[in-house]
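I opened my notebook today to look up a few things in this structure. Here is what I went through.

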Amino acid sequence: MALTDLRTRPSWQVAAIGAVAFVVLLWAIEVVDVVASHRLDGWGIRPRSGEGLLGILAAPLLHGGWGHLSANTVPALVLGFLTLVTGIGRGLVATAIVWLLGGFAVWLVAGSDSVHLGASGLIFGWLTYLVVQGFVDRKPVEILVGVAVLLVYGGVLWGVLPGQPGISWQGHLFGAVAGVVAAVVVSERRGARVG
């Protein structure tokens, strides 16, 4: 599909293509990881280490197996689509903020004996971005979308608390915080025109 084809499509179609393409990329990377005997997982975020900084870029693309990836697939499709449909440019900037800010906070704060990976930080960031953006922009339709997202996915927010071993609650927490920051940064009320 050519870039010019995307420019002529309605924004909701471009958002759907973007969300599906991202999830297909995640599955393709997991196939490569399995073939490579899970060596890619070492590219996750390693807190406060030099190579761990590169993990900020790689971690959301890596998963600790098929179950981990399967659990993230539907929320990534739904919340990724809803984030992009708010405006492609705006959604991409929000995603970049969640990806980088959330990842850096994990690198800075999490325990140094762990490797953090998975799209969960993005998912938590998209969730809070969608819940908060309508209130920041004072747009009734966006508020309704945020409330609907909260009703469907709000229960996962308990994942920001320490609990289950092997789950990066820090990734969830800092992804969620970065989502709130993203909603404020890309706010239409601040005059940001990125979408």
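I started with burial: 15 of the 18 residues of H6 are buried, so the helix is largely enclosed by the rest of the structure. Buried here means under 20% relative accessible area, exposed over 50%, and partly exposed in between (1.4 Å probe, protein chains only). Helices are DSSP runs of H or I with at least four residues, numbered from the N terminus.

I kept in mind that this is a predicted model, where local features need pLDDT of at least 70, side-chain atom pairs count only at pLDDT 80 or more, and totals for chains, interfaces and linings use all residues. Residues are numbered from 1 along each chain as its sequence is written, and side-chain values use heavy atoms, leaving out hydrogens and water.

Next I looked up the core. I found 29 residues in the largest nonpolar core, and Phe 22, Leu 79, Trp 126 and Tyr 129 touch the most other members. H6 gives this core its largest share, 7 residues. Such a core is a set of buried Ala, Val, Leu, Ile, Met, Phe, Trp, Tyr and Cys residues joined through side-chain atoms within 4.5 Å.

**Past the end of H6**

How does the chain go on?

**Helix H2**

I then turned to Val 35, which is found in helix H2. Val 35 counts as exposed because its relative accessibility is 68%.

How values were computed:
Helices (H or I, at least four residues) and strands (E, at least two) are DSSP runs, numbered from the N terminus.
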